Amino acid sequence: MTLNQSDKIQDITSGGFDSEVTAARKNFGKLMTGLVVACVGIAILPLGSILFMLLKNGLSRLFLNFPSVFTELPPPPLVEGGGFSNAIMGTIITCTIGALLSVPFGVLTAIYTVEFGRGNKLSQFVRFCTNVLSGVPSIIAGLFAYGIVVLTMGNFSAIAGGVALSVLMMPIIIRTAEEGLKSIPSEVRQGLVGIGATNFQGVTSVILPATLPFIATGVTLALARAAGETAPLLFTALFSQFQARSLSEPIATLSVLIYNFAIAPYANQNSLAWAAALIIVVLIMFVSILARTLTARKIY
Amino acid sequence: MTNPSTRPAAPQATQSEDIVLRTENVSVYYGAFEAVRNVYLDIPKNKVVAFIGPSGCGKSTLLRCYNRLNDLIPSARVTGKIAYQNNDLYDPKVDPVEVRRRIGMVFQRPNPFPKSIYENIAFGARVNGYKGDMDELVERSLRSAALWDETKDKLKQSGLALSGGQQQRLCIARTIAIEPEVILMDEPCSALDPISTLRVEDLMHELKQRFTIIIVTHNMQQASRVADYTGFFNAEAAEGGSRFGYLVEYEKTESVFNAPREKSTQDYVSGRFG
């Protein structure tokens, strides 16, 4: 830079160019900021009101005769007290079945599309199908499980509920696992090839362990989704007033319990539904936070 | 200018040596694009051979033929013959995984596995069926890569926690651990600072007692410091406008730098182009 040029720049800064922001612009800025804040408020209003209503209506019932809601069975109509221990167990059982089915298939699918398919026709097709599957209404997943499990086994069951949930969990798990696999730099794969590792050795000992935080995140997110689903369980797991004795019997779940009890004409059932809703929301929030901390541990 | 499609008439620089890799009339294509054309080149045992030349002249492409890394690119195709101790590397019966165990590779960017320093070395040895004392092998490999003193107290730490230069030496240690006969290095110092670069170069001098090293480099000083033989590659426009790379000159390093036979080599090593 020459001396001449720097003189010029000084000239401009010292010379009076309009540095005052006009009042109109200031006001416009304030208006837009206000609008954005208002939009944010509207966006979080539903969540806030849901939490408020749940706490207002659910908390008192949750701590009535604590911990009876966690230990007792649903009461018959017009009887006070009771709880939904069977529904809590049922939600855990159906979600576990769903995870056991969807995790192996989902992770192996992701490994195929990212590590072996590498953008070939089949892996593109699989990815397209995954997108379609994630858009399938949950009631359709329930119909699918009804068709292939309930009709063939002859009755509603925890297994049928788990199959329905696994259909909903699969796309979430496939997508997060794919993301995890893609986050591993291609240099690492070349390095694996360079030391003479076979694809199997590379994937099982290096690629997959490095992807674990992502897979764990996917599984927890999928579980959070599945725990709240009602529609696919209505005609697969159905409902039961009692503790489940086997996986091939109808089973109670929190979401179906809410559905049944919220529309029941009894005050005690209604308040139990509020308590169950509170538990589901707390459970999902807890799982989501867990998922975030798991992702924070990722390597790449 | 040499006609790149014919074998250089001058006697091969490496005639009297023990040859590990023979390259005969090798061309590499990516789809319809010809990356390297008609290369004849012999790699002598326990020597350092450098490939130099401007970008896009196919030196890395040729290097990747020696451990069949181009197999990973679906459109890549190799013609001609590459013989490793009289075995054709591209014979359909040859297992590429086996080739890569004999001919190791160090990459441009350090790429340690997301594992501990110890495991980075042990993993390669294990997949190659090493049954001996693993602790001893890890120590020996790290010592050979001049990394032992810096890492002996933190073998359980992640390899990714090391500095770039240390990571690259870890990658070299990992390659040494599988006891290959040839080590391919694709611009191993291009991501390193000058001090790390010097350490890796010193390492190469030691390693050539036991291994044959082929190094691709953009740095001509580096080639003149480490290499016994140097091959100069250049690119030329083919019919239709696309460029192909070819081997211009392959000689003892002193003669490539001090008395090159070709005008283009002279121009390149004296910094007049490229």
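Which backbone nitrogen does the side chain of B:Thr217 reach at 2.9 Å? The backbone nitrogen is that of B:Asn219. The rule for a polar contact is a pair of N or O atoms within 3.5 Å; within protein, one must be able to donate a hydrogen and the other to accept it, and residues adjacent in sequence count only if both atoms are side-chain atoms.

The model is predicted, and local features need pLDDT of at least 70, side-chain atom pairs count only at pLDDT 80 or more, while totals for chains, interfaces and linings use all residues. Residues are numbered from 1 along each chain as its sequence is written, chains are lettered from A and ligands numbered from 1 in the order in which they are written, and side-chain values use heavy atoms, with hydrogens and water left out.

B:Thr217 is found in the loop between strand E8 (212-216) and helix H8 (220-226) of chain B; helices (H or I, at least four residues) and strands (E, at least two) are DSSP runs, numbered from the N terminus. B:Thr217 counts as buried because its relative accessibility is 2%, where buried means under 20% relative accessible area, exposed over 50%, and partly exposed in between (1.4 Å probe, protein chains only). Leaving aside neighbours within four places in sequence, B:Thr217 is in contact with B:Phe51, B:Ile52, B:Lys59, B:Glu187, B:Gln222 and B:Ala223, contact being heavy atoms within 4.5 Å.

Residues up to four places away in sequence not counted, B:Leu147 touches B:Leu142, B:Gln166, B:Arg169 and B:Leu170. Of these, B:Gln166 is 19 residues away from B:Leu147 in sequence, with 7.0 Å between their C-alpha atoms.

B:Arg169 also takes part in a salt bridge, with B:Glu150 (3.0 Å, N to O). A salt bridge is a side-chain nitrogen of Lys or Arg within 4 Å of a carboxyl oxygen of Asp or Glu. B:Glu150 lies in helix H5 (residues 148-151) of chain B and B:Arg169 in helix H6 (residues 164-177) of chain B, so this pair ties together parts that are 19 residues apart in sequence. B:Arg169 is buried, at a relative accessible area of 3%, whereas B:Glu150 is partly exposed at 27%. Elsewhere in chain B, salt bridges that share partners join B:Glu136, B:Arg140, B:Glu179 and B:Arg210 into one network.

Another salt bridge in chain B pairs the side chains of B:Asp42 and B:Arg22 (3.3 Å, N to O). This pair links distant parts of the chain, since B:Asp42 is in strand E2 (residues 33-44) and B:Arg22 in strand E1 (residues 19-30), 20 residues apart. B:Asp42 is buried at 7% relative accessibility, and B:Arg22 is partly exposed at 33%. In chain A, A:Glu229 and A:Arg225 form a salt bridge (3.1 Å, N to O); A:Glu229 is buried at 12% relative accessibility and A:Arg225 partly exposed at 32%. Over all chains, a search of the whole structure finds 22 salt bridges.

One salt bridge is counted between chain A and chain B: the side chains of B:Arg109 and A:Glu187 meet at 3.3 Å, N to O. Across this interface, five residue pairs are in polar contact (both at pLDDT 80 or more). The elements that give two or more residues to the side of chain A that touches chain B are helix H8 (186-194) and helix H9 (199-227) of chain A, and the largest share, seven residues, comes from H8(A). In total, 17 residues of chain A are in contact with 23 residues of chain B. The two chains bury about 1700 Å² between them, 68% of it on carbon and sulfur atoms; buried area is the accessible area (1.4 Å probe) that two parts lose on being put together, summed over both.

Helix H3 (residues 117-127) of chain B is largely enclosed by the rest of the structure, because nine of its eleven residues are buried. Among them are B:Ile117, B:Tyr118, B:Phe123 and B:Val127. The buried residues of H3(B) pack against H8 and H9 of chain A together with helix H2 (96-102), helix H4 (134-144), H5 and H6 of chain B. Just after H3(B), B:Gly129 has a positive phi of about 80 degrees.
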